[in-house]
Amino acid sequence: MKPDTPGHNRPPLTYKDSGVDIDAGDSLVEHIKPLARSTDRPGVLGGLGGFGGLFDLKAAGFKDPILVSGTDGVGTKLKIAIEAGLPDTVGIDLVAMCVNDIVVQGAEPLFFLDYYATARLEVDQARRVVAGIAEGCRRAGCALIGGETAEMPGMYRDGDYDLAGFAVGAAERDALLPRPDIEPGDIVLGLASSGVHSNGYSLVRRIVERSGLGYEADAPFAGLSLGQSLLEPTRIYVKPLLAAIRATAAIKGLAHITGGGLPGNVPRCLPNGRRARLDARTWSAPPVFRWMREAGHVATDDMLRTFNCGVGMIIVVAANDVAKVTKALIDAGESVAEVGIIEQAPQGEADCVIDHPESLWRS
């Protein structure tokens with residue numbers, strides 16, 4: 001008799017035996033439903049459970065909309081969350097990395113979907129991650145309208161999980177950014193970051209390893225554990241920026257400072273022939289960056305090309321609009337600094353120049 005044919009003495013296999021627990025997945029969905037409902041906004045149709053999420057742009061108030069989409073993950077910051085046993089805020093990071101990219105196009109994030117993958121579904125851990133995603137959506141003003149949970153034994157190690165996020169927003173056609181009129185003499189404003197955000201964590205983890213500290217140890221630069229400090233969630237700039245865009249109609253360009261740092265991201269909002277000259281004396285890197293630089297003996301150029309170094313968002317405005325844009329942002333709760341100016345770009349030179357970079361490490 002051939003193995004596994006009817007009548008063979010081996011017990012029948014089930015999906016659960018192979019490592020996938022459908023009941024756990026159903027339980028997680030029931031936990032997620034109220035979290036998703038807490039993010040509802042005008043335009044959402046239906047709820048979780050369908051094969052696709054529905055959204056009505058007209059009900060959201062748009063007349064001539066252009067859709068703007070973005071997708072991202074959290075990178076190896078997840079490894080710190082897993083090893084420190086602190087899954088509560090990486091969902092905020094996931095949303096932030098997507099919606100901050102959308103808002104720099106002048107778009108309002110409307111809805112969000114997540115993808116959560118793991119070797120074996122631990123319902124409480126997954127619930128805490130999704131609760132963070134819902135919190136990020138509330139901070140951004142977008143709705144969590146769907147997602148996917150994938151239990152894949154053999155693909156991941158036990159205890160590991162991975163995240164991806166997908167955001168869709170919209171802008172009126174005539175309000176898209178960047179504007180084409182960015183010119184020499186325009187001023188560059190910087191919004192403070194909340195810390196490392198979600199880039200460069202492969203280097204962060206190497207620095208921690210070299211330091212000899214565990215994630216449960218007191219952080220040398222803050223009154224929290226090292227794990228808690230390094231998991232400070234990415235700041236979500238959506239609501240303050242949309243408020244300033246709508247109140248002033250003066251913002252010409254925005255750049256989200258992610259992987260590549262200031263040198264790699266500021267030029268992305270500039271037209272050909274323009275460059276940004278930033279003065280690092282105008283802001284101070286938070287203590288976490290000074291600690292990482294010292295503990296890892298990281299060169300300033302590597303710091304600037306890996307991390308945001310204290311500036312999470314760049315704004316370009318005309319010189320005579322600085323005061324009103326700054327006021328609108330401060331009124332919305334942001335910390336704003338005038339960090340540079342737009343120049344004509346000499347042929348063959350960098351599109352972003354940072355003067356006095358060593359001043360970032362002053363106390």
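Helix α7 passes helix α11 in a right-handed crossing; a crossing is right-handed if the near helix is turned clockwise from the far one by less than a right angle, and left-handed if anticlockwise. This is a predicted model, in which local features need pLDDT of at least 70 and side-chain atom pairs count only at pLDDT 80 or more, while totals for chains, interfaces and linings use all residues. Residues are numbered from 1 along each chain as its sequence is written, and side-chain values use heavy atoms, with hydrogens and water left out.

The axes of α7 (residues 238–248) and α11 (residues 322–331) come within 9 Å and cross at roughly 140°. That makes α7 oblique to α11. Angles under 35 degrees count as roughly parallel, over 145 as roughly antiparallel, 65 to 115 as roughly perpendicular and the rest as oblique. Axes are lines fitted to C-alpha atoms, for helices over the stretch in contact, and angles run from 0 to 180 degrees between N-to-C directions. Helices (H or I, at least four residues) and strands (E, at least two) are DSSP runs, numbered from the N terminus.

On the α7 side, P240, L241, A244 and T248 meet K324, V325, A328 and L329 of α11. By class, this contact of α7 with α11 has six nonpolar, one polar and one charged residues. Contact means heavy atoms within 4.5 Å; Ala, Val, Leu, Ile, Met, Phe, Trp, Tyr, Cys and Pro count as nonpolar, Asp, Glu, Lys and Arg as charged, and the others, Gly among them, as polar.

| Helix pair | Axes within | Crossing angle |
|---|---|---|
| α7 and α11 | 9 Å | roughly 140° |
| α5 and α9 | 9 Å | roughly 60° |
| α3 and α7 | 10 Å | roughly 10° |

Helix α7 also packs against α3 (residues 90–103), and the angle between the two axes is roughly 10°, so α3 and α7 are roughly parallel to each other. The contact involves V99, N100 and V103 of α3 with V238, L241 and L242 of α7. Its residues divide into five nonpolar, one polar and no charged.

Helices α5 (residues 201–211) and α9 (residues 287–296) cross at roughly 60° and are therefore oblique to each other. Their crossing is left-handed. V204, I207, V208, R210 and S211 of α5 make the contact with W291, M292, A295 and G296 of α9. By class there are six nonpolar, two polar and one charged residues in the contact of α5 with α9.

H297, in the loop between α9 and α10 (300–306), has a positive phi of about 50° although it is not a glycine. A cis peptide bond, with omega about 0°, joins L177 and P178. P178 is found in the loop between β6 and β7 (187–192). Most residues other than glycine have a negative phi, and most peptide bonds are trans.
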